[in-house]
Number of protein chains: 2
Amino acid sequence: MTRAETSRKTRHEVLAEFRSGEILAAARRVFARRGYDAATLDEVAQEAGIAKGTLYLYFPSKEEIFWAAVRERMLELRQRAQSAMRQAEGIQARLRAAIAVRGELMRTDAEFMRIYLTEFGHLCAHPTRYRKPFRELYLAMARDLAEVLEAGMKSGELRPGPPLELALTLQFLLRDCFTARYMGVFADDGLNLENFVFELFWCGVRPQSARPHPAVKSAAPPRRLQKTR
Amino acid sequence: MTRAETSRKTRHEVLAEFRSGEILAAARRVFARRGYDAATLDEVAQEAGIAKGTLYLYFPSKEEIFWAAVRERMLELRQRAQSAMRQAEGIQARLRAAIAVRGELMRTDAEFMRIYLTEFGHLCAHPTRYRKPFRELYLAMARDLAEVLEAGMKSGELRPGPPLELALTLQFLLRDCFTARYMGVFADDGLNLENFVFELFWCGVRPQSARPHPAVKSAAPPRRLQKTR
DNA sequence: TATAAAAATGACTCACGGGTCAGTTTTATG
DNA sequence: CATAAAACTGACCCGTGAGTCATTTTTATA
C-alpha cells in the first residue's frame, strides 16, 4: 500500500462520511423538533430520505446518533472559540470573542441550539452512555475560558476568583440568555444579548458611575416589566 | 348546610388530600431518579405503596402527576421568596434573601431540585400541556424579583438596566450554579454558592479594588483549574 | 351484624417504537 | 454483459408502559 493510498480516503469512505453527515443533520432537525425521547428513528430516516434499516448501517443505536449529532457541533464550537480567543488581545477582547462565537452558533444553527438548550439537563444528569463524554467536552470548553480568566487575574485585568467556576458561570449565562431569547421571554429588540451578558459578567448590577447599563440602548428608557408571552 | 360545614373539610376530603400528597412525594422521588420519560407509573405506585390503578383515582394522567408535583413546590418557593424579600430592607438584603430562599430549597429538597434542574429545558421548550403554566409561574417569580430590581434602580442603589431580563438572569444563574454543584463540577468546599452568585451578579469580574472576589476564602489561594470528575 | 357505597387492586389491553434481517437494488469488476 | 459484493429496504418482532376495568377489600351506616 502506497503512502498516497493510506492518506487518501477511498471513494467508499467519502460516500460513507457524506451519508453520515446527512443522517446527523436530519437527526438534529428531528431531535430539535421533538426532543430526544419523543423523536423516533422512523422520523429521522424519513427526514434523511432513507429507510430506517439504513440508519443502522452507519450508527449502532439511537443514543449514538444523538450523541454524534451533538458532539460534531460541540467540537466545532470549541475549535472556533479557541481560535477566536487566540486571535483577540487583552482579556476583554478575548471574553467578547468567546461570547461572540457562541452567539454566532446560536444564531446560525437553530436546530443544534434547541437540542443543546432543551436536552442540557438530561445530558448532564442522567446516566446514559454519552453523559461522561458530554461533560468532558463541556468542561474542556470551560477550561479554555478559565485559562483566559486566570491569565487576566494574574495580570491584574480581573479581580482574583475561582477561574473554572467563573468560566462555567459565563457558559451558563450564555446558554440561558439565548434560551430565553429563543423562548420569547427576553426582549427581541433593544437588547443585544452578547453585550448584555458581557456587561453583566464584567460589571455586575451595582452603580459605579452615572453610566447606564450599556445593554440598554441609550434612546430607550429602562424597559418596564412585560406581560407573559 | 351550615357555615361550619362549608368551611370545614370532610373526612373524605382530608384523606384524599393526604393521599394526593403522598403520591406527589413518591412521584418526585421517581421523577428525580429517572427523569420524566424514563419514569414509569408502576414505579411511582410502588414508591407510594399503592396500586397503579389507585393513581388514576387521584390524577388523570402521568403528565398531570408530574406537573402537580412540580407546581406544588414552585408555588411554595414563590411564597417564601416573596415574604423573605418583603421582610428584608435595602436592595442588597432583598436580593440576598431571594437567593437564600432558593438556596434553602436546593439544599433541603434534593428530589425537587433534581427534577427542576434536569427537566427545565423540556418544561420550557416542548409543547406539553403544562408548558404554559410552568412558564407563567417561572416568569411570575422573575417579575417579583424584577420589581425589587426596578425599585433599586429608581433609588439609585442599582445602575439602570432591563429589570425583567436581569431578574431572569439571576434566576438562571442560581439554577445553573446549583446544578453545577450538584453535578460535582463546582468545588464542594471553599465556595459559598449563594455568596458567589450574589457577588458576581452585584460586582462582576473586573477589578475595582485590591479586594479579592469574596467567594474565595481568604485563607485559600485562587483555585487552579481542576480535572474532570 | 347486615348491607350498600366507596376505595383500592392488578391483570389486561393496545399502541408505539427500537432494533433486525431476508430479500431487493445498485455498484464494482473482469 | 455476467457475477459477486456492497448498499439499501421496510415488514416484522418484541419489550415496554400508559391507561382500563371487573373484581375484591375496606369503610360507613342502619
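**Figure 1. A salt bridge between R28(B) and E72(B) in the predicted model.** The side chains of R28(B) and E72(B) form a salt bridge with an N to O distance of 2.9 Å; the term denotes a side-chain nitrogen of Lys or Arg within 4 Å of a carboxyl oxygen of Asp or Glu. This pair links distant parts of the chain, 44 residues apart: R28(B) lies in helix α2 (residues 11-34) of chain B, and E72(B) in helix α5 (residues 62-87) of chain B. Helices are DSSP runs of H or I with at least four residues, strands are runs of E with at least two, and both are numbered from the N terminus. R28(B) counts as buried at 5% relative accessibility, whereas E72(B), at 29%, counts as partly exposed. Here buried means under 20% relative accessible area, exposed means over 50%, and partly exposed lies in between (1.4 Å probe, protein chains only). Over all chains, the whole structure holds 34 salt bridges.

The model is predicted: local features need pLDDT of at least 70, side-chain atom pairs count only at pLDDT 80 or more, and totals for chains, interfaces and linings use all residues. Side-chain values use heavy atoms, with hydrogens and water left out, while residues are numbered from 1 along each chain as its sequence is written, and chains are lettered from A and ligands numbered from 1 in the order in which they are written.

**Figure 2. The salt bridge of R29(B) with E47(B).** The closest N and O atoms of R29(B) and E47(B) are 2.6 Å apart. R29(B) belongs to helix α2 of chain B and E47(B) to helix α3 (residues 41-48) of chain B, so that the pair links distant parts of the chain, 18 residues apart. R29(B) is partly exposed, with a relative accessible area of 30%. E47(B) also counts as partly exposed, at 28% relative accessibility.

**Figure 3. The salt bridge of E43(B) with R33(B).** The side chains of E43(B) and R33(B) meet with an N to O distance of 3.1 Å. The two residues are 10 apart, with E43(B) in helix α3 of chain B and R33(B) in helix α2 of chain B. E43(B) is buried, its relative accessible area being 16%. R33(B), by contrast, counts as partly exposed at 39% relative accessibility.

Figure 4. After α3(A) comes G49(A), which has a positive phi near 75°.

**Figure 5. The contact between chain A and chain B.** Each side is described by its residues in contact, that is, with heavy atoms within 4.5 Å: 70 residues come from chain A and 70 residues from chain B. The area buried between the chains is about 6,400 Å², of which carbon and sulfur atoms give 61%; buried area is the accessible area (1.4 Å probe) that two parts lose on being put together, summed over both. Four salt bridges are counted between chain A and chain B. One of them joins the side chains of E199(B) and R159(A), at 3.7 Å from N to O. The elements that give two or more residues to the side of chain A that touches chain B are α2 (11-34), α7 (110-125), α8 (131-155), α9 (163-183) and α10 (193-203) of chain A. The largest share of that side, 13 residues, comes from α9(A).

**Figure 6. The relation between the two copies.** In chain A, the C-alpha of G204(A) is the nearest to the axis, at 2.1 Å. Superposition is by least squares on the C-alpha atoms of residues with pLDDT of at least 70 in both copies. Because 100% of the interface residues of chain A are also interface residues in chain B, the copies meet through the same surface.

**Figure 7. Chain A as a whole.** The secondary structure of chain A consists of 10 helices and zero strands. Of the 229 residues of chain A, 54% count as buried. Among contacts in chain A between residues at least 6 apart in sequence, 62% join residues at least 24 apart.
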